[in-house]
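Thanks for joining. I'll walk through one model, helix by helix and then residue by residue.

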Amino acid sequence: MTRLKYMKFYEDRGLEISKAEGQYVWDPEGNIYLDFHTGHGVAFLGHRNPKVLEAIVSQLENVATATPSFKVKIREDMLASLENVIPAHLSHVTLLNSGSEAVELALKIARKTTGKKRLVGFSGSFHGRTMGALSVTGSPRYRSSFEPLVGDTIILPYNNVEALDKIDSETAGIIVEIVQGEGGVIPAERDFIKALKEKAEEKNAILIVDEVQTGFGRTGSIWAFQHYNVEPDILVAGKAVGGGFPVSLIALPEDLALKLEPGDHGSTFGGNPLACAAVKASVEVLLGDNVAGKAEFMGKLLYDKLVSKLRGNRLVKSIRGLGLMLGIDLRITPGSIIKCAQSRRVLTLKAGSTVVRLLPPYLITESDVEWGVEAVARCAYEELSLKTPT
Ligand SMILES: Cc1ncc(COP(=O)(O)O)c(C=O)c1O
């Protein structure tokens, strides 16, 4: 036993992972698990994606450390590759290390470039655990112990068009998830996103779309906002963009980038050559392997199978999501079903207070879908029989 203990900020799942490959992980006894958890969505391109692995290893043998003060070829190559997936109206990119850090920068940019202060977030949202990101995070359970947070931030009800009237011309930035992840896998309504975009334009506020969880093909398009025919002023991405390497990014248009100066932001590890190599290779996989198209196809299959197997189970309120970001909303807390699925060797995770969330990698097969659905459905029926008096 070591003297030092690792902080328990996360629930202990009682499982050691000693090997991971593609859509599977293994415990030290050699038992295989189907991974619909993917490290909160990170391993969407599969564990140890060979192209990403090769790119990181070869960069490691070349230049592993260099800040953006110094030119490195891989950064230029990464930009050339990223250009194929970043919307045309966004011309500048910077890499950071986590979703929260990217959100922080987006909020700072909204304030600096508009000269205004107010930041708006939505109920049920999750944008990260740093103080700025928490300030626009709607779920009280993440915020309440740390208040007061950043000043002049307001939280409006999600998917409520009328409430958008509270956004006035004092507003610097508005941050939104197109499908709320942590909040319970809740897709935005079309009218809401349309009205939000119009309101942001009318009030000269920056619309920040947080695609940390939804981005990079997960919802069946490269970015979730593409389903809604709306464009962000600032795009925030993370999790899957490095194919497992810890990296996040923001993309912004030229007019905003020109209002920022050296020193306005920085990050020791941000944009390091290994992250650049990981992002470049991940974009190549994303496009070269039609990841978004496969996520759409497998997502639909998974959704249909879940619906057909769980229809009739009174514990299930609804099944929802987009692409390979799905949630089973229950009439109970989801812990027992997540635990039971793990005992059947399928890893899932929680969202909100009642949702079993499924974040599979894009390369799952039809037999993986069978396995995953069978496990979750059996668990849900076992739970139902326990809850139903005989
Ligand atoms: C939508 C969204 N934004 C931001 C974050 C924060 O990302 P990180 O945990 O990498 O800081 C998350 C993490 O789950 C997220 O889902």
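Pro-148 sits in the loop between α6 and β6 (153-156). On naming: helices (H or I, at least four residues) and strands (E, at least two) are DSSP runs, numbered from the N terminus.

Some ground rules. This is a predicted model: local features need pLDDT of at least 70, side-chain atom pairs count only at pLDDT 80 or more, and totals for chains, interfaces and linings use all residues. Residue numbers start from 1 along each chain, as its sequence is written.

Now the helix pairs. Two packed helices are described by the angle between their axes and the distance between the axes. Axes here are lines fitted to C-alpha atoms, for helices over the stretch in contact, and angles run from 0 to 180 degrees between N-to-C directions.

Start with helix α10 (residues 291-310) and helix α12 (residues 366-387). Their axes are 10 Å apart, at an angle of about 30 degrees. So α10 and α12 are roughly parallel to each other. The cut-offs: under 35 degrees is roughly parallel, over 145 roughly antiparallel, 65 to 115 roughly perpendicular, and the rest oblique. The crossing of α10 and α12 is right-handed. As for handedness, a crossing is left-handed if the near helix is turned anticlockwise from the far one by less than a right angle, and right-handed if clockwise.

Who makes the contact between α10 and α12? From α10, Met-298, Leu-301, Leu-302, Lys-305, Leu-306, Lys-309 and Leu-310; from α12, Glu-366, Val-369, Val-373, Ala-377 and Ala-380. Contact means that the C-beta atoms of two residues, placed from the backbone, lie within 7 Å. By class, that contact of α10 with α12 has nine nonpolar, no polar and three charged residues. The classes: Ala, Val, Leu, Ile, Met, Phe, Trp, Tyr, Cys and Pro are nonpolar, Asp, Glu, Lys and Arg are charged, and the others, Gly among them, are polar.

Next, α12 with helix α11 (residues 335-343). The angle is about 130 degrees, and the axes are 9 Å apart. That is why α11 and α12 count as oblique to each other. The crossing of α11 and α12 is right-handed. On the α11 side we have Ser-336, Ile-337, Cys-340 and Ala-341; on the α12 side, Ala-375, Val-376, Cys-379, Ala-380, Glu-382 and Glu-383. Seven of the residues in the contact of α11 with α12 are nonpolar, one is polar and two are charged.

The crossing of α3 past α9 is left-handed. In α3, Ile-74, Arg-75, Asp-77, Met-78, Ser-81 and Leu-82 meet Pro-273, Cys-276, Ala-277, Val-279, Lys-280, Val-283 and Glu-284 in α9. The count by class for α3 with α9 is eight nonpolar, one polar and four charged.

Which helices do the buried residues of α2 pack against? They pack against α3 (73-82) and α9 (273-288). The buried residues of helix α2 (residues 50-60) are Val-52, Ala-55, Ile-56 and Gln-59. They cover an arc of only 95 degrees around the axis, which puts them on the same side of α2. That arc is taken from the directions from the helix axis to the C-beta atoms. On the other side of α2, Pro-50, Glu-54, Val-57 and Ser-58 are exposed. Buried means 20 or more other C-beta atoms within 10 Å of a residue's own, exposed means 12 or fewer, and partly exposed is in between, with C-beta atoms placed from the backbone.

Last, single residues. Thr-38 is not a glycine, yet has a positive phi of about 45 degrees. Thr-38 lies in helix α1 (residues 38-41). Thr-38 is buried, with 26 other C-beta atoms within 10 Å.

Val-185 has a positive phi too, near 55 degrees. Val-185 lies in the loop between β8 (179-180) and β9 (186-187).

Tyr-142 lies in helix α6 (residues 140-143).
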